Amino acid sequence: MDRTIKCTDCGELLSNESDACQKCRSSKRTVCMGFSDKVSFHEQLRGKAKKEGTKKPVKEFIYGDEKKISNNTWVDKTRIIDRENNQYVEIIKDKDTGEIIHECKEPLTDHFNHGSAKFKKQK
Ligand SMILES: [Zn+2]
């Protein structure tokens, strides 16, 4: 996760949060978390758990915001792939209301047998 500190007044990138801006001497700070300014409030966490001797991670999770292209709204998405316990969980919530839009819990083997599941390889 990137953490970007900028001068609020002139927009200069600052390397140290406690220093005054080198350009305009302002002490106002804008701190952004995320991958870039544009997605600073839409973060996604990904994780993997690996065991020695196995090629595929035994457990993967993705938690974060995802944009629904259909109606241009943000949803809260959790996806857990648990190969050790053969479980696939996907929960999608409305960010505003907290209402569960989509919930899917099933054995991982069933899920992949549907033929509809596609997972992009993470780089
Ligand atoms: Zn400045």
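Modeller: Happy to! Let me start with a salt bridge: Arg 79 pairs with Glu 90, and their closest N and O atoms are 3.2 Å apart. Arg 79 sits in strand E6 (residues 73-82) and Glu 90 in strand E7 (residues 87-94), so the pair ties together parts that are 11 residues apart in sequence. Keep in mind that this is a predicted model.

Colleague: Is Arg 79 buried or exposed? And what about Glu 90, buried or exposed?

Modeller: Arg 79 is buried, because its relative accessible area is 17% and the cut-off for buried is under 20%. Glu 90 is buried as well, with a relative accessible area of 11%.

Colleague: How many salt bridges does the count come to?

Modeller: The count comes to eight. One of them joins Lys 23 and Glu 12, with the closest N and O atoms 3.4 Å apart. Lys 23 belongs to the loop between E2 and E3, while Glu 12 belongs to the loop between E1 and E2, so this pair ties together parts 11 residues apart in sequence.

Colleague: And how accessible are those two, Lys 23 and Glu 12?

Modeller: Lys 23 has 63% relative accessibility, so it counts as exposed. Glu 12 comes out at 25%, which counts as partly exposed.

Colleague: OK, switching to the metal. Which residues are the protein donors of the zinc ion?

Modeller: Cys 7, Cys 10, Cys 21 and Cys 24, each through SG, at 2.2 to 2.4 Å from the zinc ion. Their spacing in sequence reads C-x2-C-x10-C-x2-C. Cys 7 is in strand E1 (residues 2-7) and Cys 21 is in the loop between strand E2 (13-14) and strand E3 (29-34), so that pair links distant parts of the chain, 14 residues apart.

Colleague: Why is the arrangement around the zinc ion tetrahedral?

Modeller: Because the four donor atoms subtend angles of 104 to 118° around the zinc ion. For comparison, the ideal angle for four tetrahedral donors is 109.5 degrees.

Colleague: Where does Ser 26 lie? And what does the side chain of Ser 26 contact?

Modeller: Ser 26 lies in the loop between E2 and E3, and at 8% relative accessibility it counts as buried. The Ser 26 side chain makes a polar contact of 2.6 Å with the side chain of Asp 9. A polar atom of that Ser 26 side chain also lies 3.1 Å from the backbone nitrogen of Lys 28.

Colleague: Which residue forms a salt bridge with Asp 9?

Modeller: Lys 28 does, with the closest N and O atoms 3.9 Å apart. Asp 9 is in the loop between E1 and E2 and Lys 28 in the loop between E2 and E3, so they tie together parts 19 residues apart in sequence. Asp 9 is partly exposed, with a relative accessible area of 48%.

Colleague: Good to know, thanks!

Methods:
Residues numbered from 1 in each chain as written. Predicted model: local features only at pLDDT ≥ 70, side-chain atom pairs only at ≥ 80, totals over all residues. Heavy atoms only, no water. Donors = N, O, S within 2.8 Å, 3.2 Å for Na, K, Ca; no water. Tetrahedral: all angles 85-135°; square planar, octahedral: opposite > 155°, others 65-115°. Helix = DSSP H or I, 4+ residues; strand = E, 2+ residues; numbered from the N terminus. Buried < 20%, exposed > 50% of the residue type's maximum accessible area, 1.4 Å probe, protein only. Polar contact = N/O pair within 3.5 Å; in protein donor to acceptor, adjacent residues only side chain to side chain. Salt bridge = Lys/Arg side-chain N within 4 Å of Asp/Glu carboxyl O.
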